[in-house]
Amino acid sequence: LDTGVVWRRGSLPERLGYAPGEVPGDGAAHAEWWLARVHPDDRADYEARAAAMRAGLSDHVEAEYRIR
């Protein structure tokens with residue numbers, strides 16, 4: 001999260017209907033783009049998991065959430 005790198009399997013944006021190039025590449029813009037699509041009801045859980053990683057309680061964030 002500090003680097004803005006988001007790892008995902010395959011071409012998820014394309015499977016969700018986004019055209020190639022429509023989603024920003026790696027970096028802060030990419031992470032912000034994905035975070036903006038996390039369902040509001042799932043955002044607090046995701047943010048808590050990310051905070052735990054930043055605090056050194058985990059070396060990664062693994063989360064399941066809805067997107068909009």
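The part I would like described is helix 3 (residues 40-54).

Reply: What follows treats the helix itself and then its surroundings.

This is a predicted model, in which local features need a pLDDT of at least 70 and side-chain atom pairs count only at pLDDT 80 or more, while totals for chains, interfaces and linings use all residues. Residues are numbered from 1 along each chain as its sequence is written, and side-chain values use heavy atoms, with hydrogens and water left out.

The protein chain has three helices and zero strands, where helices (H or I, at least four residues) and strands (E, at least two) are DSSP runs numbered from the N terminus. Confidence, given as pLDDT (the predictor's confidence in each residue, from 0 to 100), is highest in helix 3, at a mean of 92, and lowest in helix 1 (residues 12-15), at 79; the protein chain averages 83.

Helix 3 has 15 residues, which at 1.5 Å a residue should span 21 Å, and its end C-alpha atoms are 21 Å apart, in agreement with that value; the expected span is 1.5 Å times one less than the number of residues. Asp42, Tyr46, Ala50 and Met53 are buried in this helix, where buried means under 20% relative accessible area, exposed over 50% and partly exposed in between, with a 1.4 Å probe and protein chains only. Seen down the helix 3 axis, these buried residues fall within an arc of 75°, so they line one face of the helix, the arc being that of the directions from the helix axis to the C-beta atoms. The buried residues of helix 3 pack against helix 2 (28-35), with contact meaning heavy atoms within 4.5 Å, whereas the face turned away from the buried side carries the exposed residues Asp41 and Ala44.

Tyrosine 46 is buried, with a relative accessible area of 14%. Tyrosine 46 and tyrosine 65 form an edge-to-face aromatic pair, 5.7 Å centre to centre with 70° between the planes; rings of Phe, Tyr and Trp (its six-membered ring) pair if their centres lie within 6.5 Å, and planes under 30 degrees apart count as stacked, over 60 as edge-to-face and the rest as tilted. This pair links distant parts of the chain, with tyrosine 46 in helix 3 and tyrosine 65 in the segment after helix 3, 19 residues apart. At 32% relative accessibility, tyrosine 65 counts as partly exposed. Just after helix 3, glycine 56 takes a positive phi of about 85°.
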